[in-house]
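Subject: Handover of a structure, with findings

Dear colleague,

Please find below the structure that I am handing over to you. My findings follow directly after it.

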Amino acid sequence: ELCSCDLEIWHFILSCLQICAAPGFFTLPSALPACSTRHRRKTRKISIHQVPTMLWEMSCVLIFLLARLSSGGAFIIAPSVNALSDATPFLGLRRSGRRSIKMSSHLHYVSPLKEVPTHPDESFRQRWEEVIYSEQDRICEAIAAVDGTAFKEDSWQRGDKGGGGRTRVLQGGKVFEKGGVNVSVVYGKLPPSAAQQMTSRGHKDVAGDVPLKFYAAGLSLVIHPHNPMAPTVHANYRFFQLFNADTGEPITWWFGGGSDLTPSYLVEEDAVHFHQTLKDACDKHDPTYYARFKKWCDEYFLLQHRGETRGVGGIFFDDLNESGDPEKSLAFARDALHCFVDGYVPLVERHKDDPYTDEQKAWQQLRRGRYVEFNLLFDRGTKFGLQTPNSRIESILMSLPLTARWEYQHIPADDSWEGRTLAVLKKPVDWIPLQGTQEEKEQRELTTAAS
């Protein structure tokens, strides 16, 4: 039966199974060669020696599907734009002429959120609030010193919904076109639709129509420089806690966040410096954090419809309570946030006065357009904020740049600076050689060679 199939039909069947196993997020590329578009009319039958490969691929997908169901959907799976594109010849859809991203398919298993042994109390929440307000002061002072312009401060409250925050924005400065550093501490009842945006995996505790009680405190920032040679940056570190709406008993808690760099023009030394500061902070707490969270960052900040990442990455993590000890998680989030100034400010000081052309400024505006697309289409923080009752829209959308640009079919030359930058966004780079056993190193070399 298998040998009577056309190869394109097999690729379509495999893609459908993978979409069922992890809708929209995972693909295990078939080892069997697909028919090219121009040879679509020529049928290629499956030979008998390819049958074992097909059965192996089918088994892998079914195993992932069963594991996903048995773990409550707790797989974090690499997003890929290939799951549907593999099926496009069969469906009669036109492929894009641009290269798609070649992120290696791999599975991140994160244990489902279990009952945590310790729940943070009011004093813990107050200490975290002190951390984020203190870091807001420190970051704004460093950015204002580079620009020579003070931030405008705007304190706000959610009224009777609970909580508020302090937004600081620098707009139309000498160095920065727009920069926002926001602290929000909000609590109250939460609709299930907003609760699903709080975490990578979602919680079975948020199912149903009864609102939960929640507490969320975090710092978020985005900085957009004038000069296209100076990179844009984003950071967000947050703490969540959920409570039973009827009894007030705590259900679970976790930390999430990260920081990522978005240059319009790639300077490799800048990327290495930024990643190294994050790795140093990670290594103080767990030698596996940087490798895990760097990969997660590349996967999260992916514009799936364009097949490119938003920038050169950094770290991203969510649902962090795996130690069961909130103090350990707080210490890591504090150190990761604290390293932001050392990781970013030197890059701006290095490039803020670099010469640039009108064409390079136009390219920066195009890249900012990509930034807007990600924030409005994919960013869970934006979705969570917009779905939270009485949220402050100005603070939620402060991450958007003052100016952006969209052009029809703008494709830079491969050998241009813009083209080289875009190539890295389509195929993320490990900026710091990762340590590990000899076997792990050899496996990484094989993976790189294969890609």
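Predicted model: local features only at pLDDT ≥ 70, side-chain atom pairs only at ≥ 80, totals over all residues.

Which side chains meet in a salt bridge at 2.7 Å, N to O? They are those of Glu177 and Arg368.

**Overall picture**

The chain is built with 15 helices and 11 strands. Of its 451 residues, 52% are buried. Among the contacts in the chain with a separation of 6 or more, 75% are between residues 24 or more positions apart.

**Salt bridges**

Across the whole structure, a search finds 19 salt bridges. The one between Glu177 and Arg368, mentioned above, has a distance of 2.7 Å from N to O. Glu177 belongs to strand S5 (residues 176–190) and Arg368 to helix H11, so the pair ties together parts that are 191 residues apart in sequence. Glu177 counts as buried because its relative accessibility is 7%, and Arg368 counts as buried at 3% relative accessibility.

Lys294 is buried, with a relative accessible area of 4%, and Asp298 is buried, with 5%.

Salt bridges also link Asp137, Glu153, Arg166 and Arg168 in a network.

**Helix packing**

I then turned to the way helices pack against one another. Helix H11 (residues 358–377) and helix H14 (residues 417–426) have axes that come within 11 Å and cross at roughly 20 degrees. Angles under 35 degrees count as roughly parallel, and H11 and H14 are therefore roughly parallel to each other. The crossing in which H11 passes H14 is right-handed. On the H11 side, the contact is made by Gln360, Trp363 and Arg367; on the H14 side, by Trp417, Glu418, Leu422 and Leu425. Sorted by class, the residues of this contact of H11 with H14 are 4 nonpolar, 1 polar and 2 charged.

Another packed pair consists of H5 and helix H10 (residues 340–351), whose axes are 11 Å apart and pack at an angle of about 10 degrees. H5 and H10 are therefore roughly parallel to each other. Which residues meet in this pair? From H5 come Arg138, Ile139, Ala142, Ile143 and Val146. Their counterparts in H10 are Phe340, Val341, Asp342, Tyr344, Val345, Val348 and Glu349. The contact of H5 with H10 has 9 nonpolar and 3 charged residues, and no polar ones.

**Two individual residues**

Finally, I would draw your attention to two single positions.

Asp121 is located in the loop between strand S2 (107–109) and helix H5 (122–147). With 43% relative accessibility, Asp121 counts as partly exposed. Although Asp121 and Pro250 are 129 residues apart in sequence, they are 9.5 Å apart in space, C-alpha to C-alpha.

Ser329 has its place in helix H9 (residues 326–338). Ser329 is buried, with a relative accessible area of 4%. Which residues does Ser329 touch, leaving aside those up to four places away in sequence? They are Trp253, Phe255, Leu320, Asn321 and Ser323.

With kind regards

Conventions:
Residues numbered from 1 in each chain as written. Heavy atoms only, no water. Axes fitted to C-alpha atoms, helices over the stretch in contact; angles between N-to-C directions. Helix = DSSP H or I, 4+ residues; strand = E, 2+ residues; numbered from the N terminus. Parallel < 35°, antiparallel > 145°, perpendicular 65-115°, else oblique. Left-handed = near helix turned anticlockwise from the far one by under 90°. Contact = heavy atoms within 4.5 Å. Nonpolar A, V, L, I, M, F, W, Y, C, P; charged D, E, K, R; others polar. Salt bridge = Lys/Arg side-chain N within 4 Å of Asp/Glu carboxyl O. Buried < 20%, exposed > 50% of the residue type's maximum accessible area, 1.4 Å probe, protein only.
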